Amino acid sequence: MHDLIADPGLLYVTATVLPLVSFVLLFVGGRRWGRWGAYLACAAIIGSFVLSVVGFGIYVQTAPHHEHSQTAAASQGAGHAHAGAHSPATETTRGIQPPWSGSIYWAVVHYLGESEPAAALRLGYYVDGLTVAMFLMITLVASSIHIYSLGYMAEEQEEWVEDHQAHVRRRGRFTRFFMYLSLFCFSMLNLVLADNLFQIFISWELVGICSYLLIGYYYERRSAANAANKAFITNRVGDAGFIVGLLILWTYVGDFNVQHVFDTVRSPAVDSHGEPMPQGRQFVRVTAEVDSDGHRYYRADDQGDQVLLFRGHVHAPEKVQDTWHYEADMPTMPYWLLVVAGIGLFLGCVGKSAQFPLHVWLPDAMEGPTPVSALIHAATMVAAGVYLVGRVFPVFVPDVLLLIAYTGGLTLFVAATIAIVQTDIKRVLAYSTVSQLGYMMLALGVGGWVAGLFHLLTHAFFKALLFLCSGSVIYGCHHEQDMLRMGGLYARMKITAWTMLVGVLAIAGTPLFSGWYSKDAILVQALSFVSLNPRHFLLFLLPLLTAGITAFYMFRLWLLTFAGEPRDRHVFEHAHESPWVMTGPLVLLAFFSVVVAWGPNPFDVQGSWLEHFLHQGQPATLDHEKGYELAVVASQAATRERGGNYLARDSWLYPLFEKAALGPHDLAGALGLLVAAIGTLLALGVYYWRVLDAEEARRQFARVHAFLMEKWYFDALYSVAVVRPAGVVARACRWFDLYVIDGIVDNAARATVRLSQWDGRFDLGIVDGLVNLTADIVYAVGRSLRAVQTGLLRNYILFLAVAAVGLFALLSYLMALAG
Amino acid sequence: MNIPDVWLLTLIIFVPSLFALLVLLIPRGQEEWMRWTALFGTLLTLVLTLFLLIDYLNLQDHYGTAHRDRALLGARADEDLLLAATHQPARSDDLIVRIPWIERFHIEYFLGVDGISMSLVLLTSVVSFLAMIASWNIERYVKGYCVLFLILETGMLGTFLALDLFLFYIFWEVMLLPMYFLIGIWGGPRREYAAIKFFLYTLLGSVLILLAILGFYFTDLRPLAEYFKTHPQAQQEAQVLDRLVQRARGAAVNTFDILLLHKVGRESARLEALYQEAKSSAEKTPSVENQKKLEEVSALRQKYQLFSRDFQVIMFILLFIGFAIKVPVFPFHTWLPDAHVEAPTPISMILAGILLKMGGYGLLRIAYPICPWAAYELAWWLGLFGVINIVYGAFAAMAQSDFKKLVAYSSISHMGYVVLGIAVWTGLDRFQYWSWGMNGAMYQMLAHGITSAGMFFLVGVIYDRVHHRDLNALGGLNNSMPLYSGLSAVIFFGAMGLPGLCGFVGEFFTVLGTWNFDRVYAFLAAMTVVVTAGYILWTIQRVYLGNNPRYEGLPEIDARELTVAIPLVVLTVVLGVWPPLVLEWMEPSVTGLVRQLAAAVAIP
């Protein structure tokens, strides 16, 4: 208890371990626990939530309230944490101010005769503002979903359950579901808690396997098992990239600690003597040069092929003729490897967050139970990729950030277009998840660290809400998921309809709903970036356009489900509202979907308290006022004033604002609202007022419709380009083994047998001197050799022994010659 | 050497054989007694091994972190020898046994333990014990089976503990024949083909190893004794060799002593490194000074280098092929799928769990330290073999439809990490990478020993129930045998390299080491995780998931089978979650070896 107060970080460790305890108990206890197992899992995650709230309270009280101080403290903290195996005690020097961190050894390699390790992999915790916010979100959403699942999965409590899709009767698996959820919660919290990339990678894989297990929860269904495999294997493609990124950073930094990595690849603000560094908090690209006196040095150069690493003692550079000269003995790493490392880590995020081109697994993942779709495949795990990009943001060089932005931009558009034509209620939501994750990636890529993570948090609430509502609809309609067979359900399930409408309004970016604040932040960020880099105009156009598409397909979903006349009487007749254990969480999440982003004045789109809170944790490397790193992308001179949140004076849009006295917030916000309104009206026009005919549109654009129905043909492409070739290679390997290698082996054996037969024939011939009898004898010998193994074996051994002696004699002779 | 150590190590090796004798005495018809006797034999061995582990931990504590180098096997053996020579009492805890055996040829009964052998001895006794439990449903010729099984265990333990090449070779061969019969008599339909294939492959390997052993033996060590005398820092080594020279009374000094040969190998490599350095600098700047230096070094090399470069390369290749067959390394691997498919379940467990590790152990204990220069020169090729194994094995596994064959090919893929981890020679200044690789290789051997034994056992459990292994005809076992399927999932995920389970640790360490040796290798090894996930998940889907009315009502895994499966599952989890449990005592020996080898070829 004392430790918990002395180091609030341990609160978070406890919050992480609670679900693990629940998992282990359920694993050992198995079915015997019955419904109590589920209560145990709920208690564990609610316990984690309570601890997170307490931790949040302590954090808000003790956190320093000026910007950037955290990262500065973080770098110190990381240094301290490395001094000892387990060092919460180091906090004494700075009270209990966050970030809280500590770690223990997991695996080490020693020098001979030294107790300090040469290199070590560690497990640790690091709690800063982002961690605090993520913990609150994860535990709150997870708690709601646990409770909701008590209702949704209730029929699994029966001894025998009928699976109508796979047409089997099977045992109920109630506790198993909660066991997996507990393992997932542990892994997810551990991912957020980790202070190093190695631990993140471990959790990364663990959440992946939980996702696999839960997608395949109804494993009797072939589609579910396939979807589970697809999810895990697609993710592994990303993970292979992640591993490569890890290897590069390990090589040049020698450590996986995130803060340590940043401190090494970026220049410190001041050198070891307190002198300010000219390129503080930046990557320093350099070229190795030799001056006329033969002194070697590194010249700072925006196009240099090396990046300086800042380890140990650092001296500020000298200024020589407008360029900075760094000492030649500083360690460096090739710039291209830093790019590869960034791409590698990002590839991991692409897999996990279902970004283009690895997005194909997420829609299929909807095979899992709906609460799982809400928790894992909407609110938390898929957001882990976004979280990681945010967490390791300072490692990404501008080129990689641009790649991230475009990946996000492409993803959000592609997924939204596919969502338009889906008729399965969960698949629409799945594609909208992919699309929203694209928004977050895009925001991060254009330098909107706060905007991206802000959207992550708000999205978690309203998307979990939307999924749970869809679950409630599916539950109420007795496992009907096709929207074309719904309609008019408002009359049957009012709570679900209203709460879902809240979710729809939030995701469409309606003012006063949480999505408004975060989407606005993203659009503003994108607009600022584009105003600086006009040739990347797509990065604003795509999200803007997609805001309209989003509003369209979300209202389409709501209207098809709840409004109009029932299209299937049977479904309608039997539809009913869900029990309170399910609607309760809906109301709770709906509440948060509205207010989570509010500030003192909810009408101020920039006044969100949550956004402000995240702002304090923004990496100091990303100087949001200057947007420096991104300006480099545009390869503009570094001296010009440019906008992160406001427009640069030389931007092509600037005159507009000067004359109209508008800010980018007004422009981006107004455009966003306008587009969303158009999308909404279009949806109402087609699916409510029926002034437009959807069928007609489908006929008119049959090609486009088919293209979208086939999901841009990604699955077909991968099948042809990856899956089948892998099968061919695999079969080729088997063939090679069976026919080439074993062919050689078997033929060699046969040849040896023949040789031994000749040997036997020769032997007998000498001894008996009866040449004309050999034929018969050979026949007999041959037959006996074939029939009796031992005879064969003896000959072999003889042969090998002779060969060995001969070979050895030969070798000795050669050796002697060689001298 | 002290008496308790002698007894402990000797008993560990020969208790199984003693029990084999006991089994022989049991009259026909008392099959149950034979099984229990054999089981007790393996259990006793396991208990003794645990005592050995405790002793080894004490030993390590005794030397402490500051004297890790003195706790290394070679240093301990030297210390022991010198104490004996000066008639001082031996240390109470050096875990070295050295008794003259055939004095005419300087053959000794020489045993010793360090972290490398300790871990494998432990693995052997655990897997043997579990395999014996798994042997309960062997019905034919139970007596013969138990006797051969126990002799096999003696052979395996002896191989890991022997420090005399002659003794090593004997144990190596002792292990071979029982295996031949165990596959050939108790195996499946094509058992004879498989058994003879196994035997011939392995015998070929043995012959090559024998050649190398003879090559080492017939090297006269007298020049080395002189060489050590000129080195003030090699006092201990000089004294040890001096004793041998005196004992030989003017005749050639030959030895089968593995640890002594390590020294010969290291010194030869050091001279070679000096020579190569001098040569290249003389070629680069042909000054008189450099030329003179080259001549000096050349003369030194001429005089003292017992294992010349060419000799090392030839011997290393002989040894490598010999051990590679055991690992098995592509293209010497095709005995393995056949042997596995035909062997009875417990023998498959032993084969995959332990026998394959002898290849890796041989590389670590014999090939590398005795021929360091060759290993250094050929490192890239060795790594290539490792990578081919990883990739080729994984793809070949994917194409199999026989469950056991799939597991066999997955073994080939996983053992590739062992070869790769051993191969990644990154030099003294960056020795940490090689050390990760080497530790990864060792850890991978343990992890693979556990998961592959587990997988073969689990395949056997199904085979006993449905009498076929066709992956495409299985399915739905998750419903009929939920407990069994749950345990299987853990083991299979462990083999897949899921973090938190043991397979991940070795693979990750290996890849961590490889990147700094060759990026392409590391990239390929990292990419293979996708293929591995592919074939494992596909297998899980075909066997456990889905729904198959044919196998409804299949009996759940029974108590005996659980006693085999649960320890393996627990080990899979424990070793994955907390590797320090093993690394704590294994890593110093492995890193010590890496340091010594890296230092041997580094230019001072």
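User: Where is Pro331(B) found?
Analyst: Pro331(B) is in the loop between helix 13 and helix 14 of chain B. Helices here are DSSP runs of H or I with at least four residues, strands are runs of E with at least two, and both are numbered from the N terminus. Keep in mind that this is a predicted model: local features need pLDDT of at least 70, side-chain atom pairs count only at pLDDT 80 or more, and totals for chains, interfaces and linings use all residues. Residues are numbered from 1 along each chain as its sequence is written, with chains lettered from A and ligands numbered from 1 in the order in which they are written.

User: What joins Phe330(B) and Pro331(B)?
Analyst: A cis peptide bond, with omega about 0°. Another cis bond links Val327(B) to Pro328(B), with omega about -10°. Pro328(B) sits in the loop between helix 13 (309-326) and helix 14 (335-342) of chain B.

User: Is Ala354(A) buried or exposed?
Analyst: Buried, because 30 other C-beta atoms lie within 10 Å. The cut-offs are 20 or more other C-beta atoms within 10 Å of its own for buried, 12 or fewer for exposed, and partly exposed in between, with C-beta atoms placed from the backbone.

User: And what about the phi of His106(B)?
Analyst: His106(B) has a positive phi of about 55° and is not a glycine. You'll find His106(B) in the loop between strand 1 (96-102) and strand 2 (107-112) of chain B. His106(B) counts as buried because it has 20 C-beta neighbours inside 10 Å.
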